[in-house]
Amino acid sequence: MSKQNLQTLLQRLGQTVGIADLALDDDGYCLLRLDGTLDIAVEFIEDAELVVLTARCGALGEQNREAVLQQIADANFYWAGTGGGTLSTNSREGMVYLHFRESTAHLDQARLENLLQALVLNSERWGARLAATSCAPAADTQAAPSPAVPGGLFANRA
């Protein structure tokens with residue numbers, strides 16, 4: 001039932017945004033591209049009845065790497081700088097990703113839309129931050145994390 005709930009929500013979302021065939025594939029996966037630049041992966045985890053929403057924020061550059069990794073760790077603390085998601089790095093690719101996960105058993109349209117909005121806004125914000133810090137002097141990267149756009153999981157504590 002949980003996967004079917006997610007399929008139904010994705011169909012409704014697709015109708016709202018003009019993507020008639022928005023759906024999970026046979027492997028429980030769907031990829032959306034927004035504005036030709038931001039890819040959002042929607043993945044259903046059957047064993048746990050979860051949806052995982054993922055967006056690539058940008059490259060983790062060599063310059064200021066330690067400071068940026070500290071900012072990522074700080075942002076992940078109580079999800080204060082991520083809007084409720086979790087930032088991660090993929091060392092093989094040299095990229096930073098933002099993930100949200102949610103049970104699909106009782107997921108509704110409003111919650112899915114809120115999660116997607118938080119994912120988009122926060123991944124764009126982190127993408128801009130990564131681009132800026134990759135070429136900024138080391139001293140500029142020590143600033144405290146800016147507040148995240150809430151995803152409705154927790155009150156913004158930043």
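**Strands, helices and spaces**

Tutor: Start in the sheet: β3 and strand β5 (residues 95-103) pair in the antiparallel sense over 9 bridges. Keep in mind that this is a predicted model.

Student: Which residue in β5 is the bridge partner of A55?

Tutor: L98 is the bridge partner of A55. Also in β5, Y97 stands opposite R56.

Student: And β2, how does that pair with β3?

Tutor: Strand β2 (residues 38-45) pairs with β3 in the antiparallel sense, over 6 bridges. V42 has L53 of β3 as its bridge partner.

Student: How many residues sit between the strands in the hairpin of β2 and β3?

Tutor: The hairpin has 4 residues between the strands, and E49 takes a positive phi near 50 degrees there.

Student: Is β3 buried or exposed, then?

Tutor: Of the 10 residues of strand β3 (residues 50-59), 8 are buried, so the strand is largely enclosed by the rest of the structure.

Student: What's the strand order in the sheet?

Tutor: The order is β1-β2-β3-β5-β4, with 5 strands forming an open sheet and antiparallel pairing. At the edges are β1 (29-34) and β4 (86-90), each of which pairs on one side only. On average, neighbouring strands of this sheet are turned by 25 degrees against each other, direction ignored.

Student: Zooming out, how many helices and strands does the protein have?

Tutor: There are 3 helices and 5 strands in the protein. Read from the N terminus on, the elements run α-β-β-β-α-β-β-α.

Student: How much of the protein is buried?

Tutor: Buried residues make up 44% of the 158 residues. As for contacts with a separation of 6 or more, 58% of them are accounted for by residues 24 or more positions apart.

Student: Where does α3 lie?

Tutor: Helix α3 lies across β1, β2, β3, β4 and β5, and runs at about 20 degrees to β3.

Student: Pick a residue in α3 for me.

Tutor: Take N122, which lies in helix α3. N122 counts as buried because its relative accessibility is 0%, and the cut-off for buried is under 20%. Between N122 and T82 there are 6.2 Å from C-alpha to C-alpha, although the two are 40 residues apart in sequence.

Student: What about Q109, buried or exposed?

Tutor: Q109 has 17% relative accessibility, so this residue counts as buried. Its place is in helix α3 (residues 109-133).

Student: Which residues does Q109 touch?

Tutor: Leaving aside residues up to four places away in sequence, Q109 touches L9, R12 and L13.

Student: Changing topic: how much space lies in the largest pocket?

Tutor: The largest pocket holds about 240 Å³ of space. Its lining includes L13, V17 and I19, as well as L116, Q117 and V120.

Student: Which element gives the most to that lining?

Tutor: Helix α3 gives the most to the lining of the largest pocket, with 4 residues. At least two residues of this lining come from each of α1 (2-17), β1 and α3.

Student: How do the residues of that lining divide?

Tutor: The lining of the largest pocket divides into 9 nonpolar, 1 polar and 2 charged residues.

Student: How many cavities of 30 Å³ or more does the structure hold?

Tutor: The structure holds 2 of them. In the second largest cavity there is about 40 Å³ of space.

Student: What lines the second largest cavity?

Tutor: The lining residues are A59, L60, G61, Q63, V68, L130, T133 and S134. By class, this lining has 4 nonpolar, 4 polar and no charged residues.

Student: One last topic: what is phi for Y78?

Tutor: Phi is positive, near 50 degrees, and Y78 is a residue other than glycine. Most residues other than glycine have a negative phi. Y78 lies in the loop between α2 (65-76) and β4. With 49% relative accessibility, Y78 counts as partly exposed.

Student: And phi for W79?

Tutor: W79 is not a glycine, yet has a positive phi of about 60 degrees. W79 is found in the loop between α2 and β4, and is partly exposed with a relative accessible area of 32%.

Conventions. Residues are numbered from 1 along each chain as its sequence is written. This is a predicted model: local features need pLDDT of at least 70, side-chain atom pairs count only at pLDDT 80 or more; totals for chains, interfaces and linings use all residues. Side-chain values use heavy atoms; hydrogens and water are left out. Buried means under 20% relative accessible area, exposed over 50%, partly exposed in between (1.4 Å probe, protein chains only). Contact means heavy atoms within 4.5 Å. On a 1 Å grid over the protein atoms alone, a cavity is a set of points where a 1.4 Å probe fits but cannot get out, and a pocket is an open set with protein on both sides within 12 Å along at least five of seven lines; lining residues have an atom within 4 Å of a point. Grid points are joined across faces, edges and corners, and a volume is the space filled by probe spheres set on the points. Ala, Val, Leu, Ile, Met, Phe, Trp, Tyr, Cys and Pro count as nonpolar, Asp, Glu, Lys and Arg as charged, and the others, Gly among them, as polar. Two strands pair if DSSP finds at least two bridges between them. Axes are lines fitted to C-alpha atoms, for helices over the stretch in contact, and angles run from 0 to 180 degrees between N-to-C directions.
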